[in-house]
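This report covers the overall fold first, then a few selected elements. Please keep the model open while reading.

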Amino acid sequence: MKLLGSIEAGGTKFVCSVANFDFEIIKSIQLPTTSPEETLTAVIKFFEIYELTALAVGSFGPIDIQEDSERYGFITSTPKLGWKNTDIVGPLKSALKVPVVWTTDVNSSAYGEKMFGNGQGTYSIVYFTIGTGIGGGSVQGNQFIGGISHAEMGHAIVERHEKDRDFLGVCPFHGNRCLEGLASGPSIKARTGRSGEDLPVDHEVFDLIAYYAGQIAYNTYVNLAPERIIFGGSVLQSIDMTKVRKYFNEFNNGYVQTPDLDDLIQISGVADNGSATFGNFALALEALKK
């Protein structure tokens, strides 16, 4: 059976999956992210038993996405120990002998939402994941928005909430100035001493997270004017979307006309945080058509 492959390459684990051309998953495994050599060897061992036709990789970063670059397919300046300047695409192509699509994990998720989730039927979407880290990807038509590199939306500078002035933030680069430093999962634990999943949904810290999510949604809308802004990841639950929309309205202050905010700002529509995997399958299928 000819199959499509997906790799969600994360800093903690690699999720490797194969599916048929109807996007039905045949097999999926999780491999711990250890050393590049050990992890990639295990990844290749998983895929080489299947009749793979194309593979897409959505990776943690930063990564080099410029196809004419000597380091295309590399994870570049990551703080992940041992993974700086690691070639991912080269070993995969050499071992598996199939086309390999290379992009960020959030771009894969954005594509998955556009094809299978709450971005279906739209021309343009922006997707944010809010979890251990924060990232964003944008799709317009069938193209990712990017330039000399991929977007780093999670490190956009945001205005701090008045009740959050003394919090030092958790970003090693920007402290309490960027979105990731103020709204990621580790920021919740840094404030409260507990992980988000161990807190009641009405805990005041989630109001802060909704404030920052509403702010980045507003910034995104005035910068890109997408048809839909979708949030995924482990931190924001669907109950928070009402607050996110409320803060969006406060930041907008009546300036730009928007569609109905229930339609504009939504939670992920792909079950089990599977946006990246299904986005990768769709990207791998597209690669076969080129």
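## Ground rules

Two residues are in contact when they have heavy atoms within 4.5 Å of each other. The model is predicted.

## Overall fold

The protein contains 9 helices and 12 strands. Its radius of gyration is 19 Å, close to the 19 Å that the globule rule gives for 290 residues, so the protein is as compact as a globular protein of that length. Along the principal axes, the C-alpha atoms fill a box of roughly 55 × 40 × 35 Å.

Buried residues account for 50% of the 290 residues. Take the contacts in the protein with a separation of 6 or more: 61% of them join residues 24 or more positions apart.

## Surface and charge

The protein carries 23 positive and 33 negative charges.

## Helix α6

Helix α6 covers residues 204-224.

Of the 21 residues of α6, 15 are buried, so the helix is largely enclosed by the rest of the structure. Just after α6 comes A225, with a positive phi of about 50°.

## Helix α9

Helix α9 runs over residues 275-289. Its 15 residues should span 21 Å at 1.5 Å a residue. The end C-alpha atoms of α9 are 22 Å apart, in agreement with that span.

In α9, 11 of the 15 residues are buried, so this helix too is largely enclosed by the rest of the structure. Among the buried residues of α9 are S275, A276, T277 and G279. N280, F281, A282, L283, A284, L285 and A287 are buried as well.

## I134 in strand β9

I134 belongs to strand β9, residues 134-140. The relative accessible area of I134 is 6%. Buried means under 20%, so I134 counts as buried.

Which residues does I134 touch, leaving aside its neighbours within four places in sequence? I134 is in contact with T129, G154, L179, E180, A183 and S184. Q66 gives a point of reference: I134 and Q66 are 68 residues apart in sequence. In space, the C-alpha atoms of I134 and Q66 are 22 Å apart.

How values were computed:
Residues are numbered from 1 along each chain as its sequence is written. This is a predicted model: local features need pLDDT of at least 70, side-chain atom pairs count only at pLDDT 80 or more; totals for chains, interfaces and linings use all residues. Side-chain values use heavy atoms; hydrogens and water are left out. Helices (H or I, at least four residues) and strands (E, at least two) are DSSP runs, numbered from the N terminus. The radius of gyration is taken over C-alpha atoms; the globule rule is 2.2 Å times the number of residues to the power 0.38. Buried means under 20% relative accessible area, exposed over 50%, partly exposed in between (1.4 Å probe, protein chains only). Lys and Arg count as positive and Asp and Glu as negative; His and the chain ends are not counted. The place of a charge is taken as NZ of Lys, CZ of Arg, CG of Asp or CD of Glu. The expected span of a helix is 1.5 Å times one less than its number of residues.
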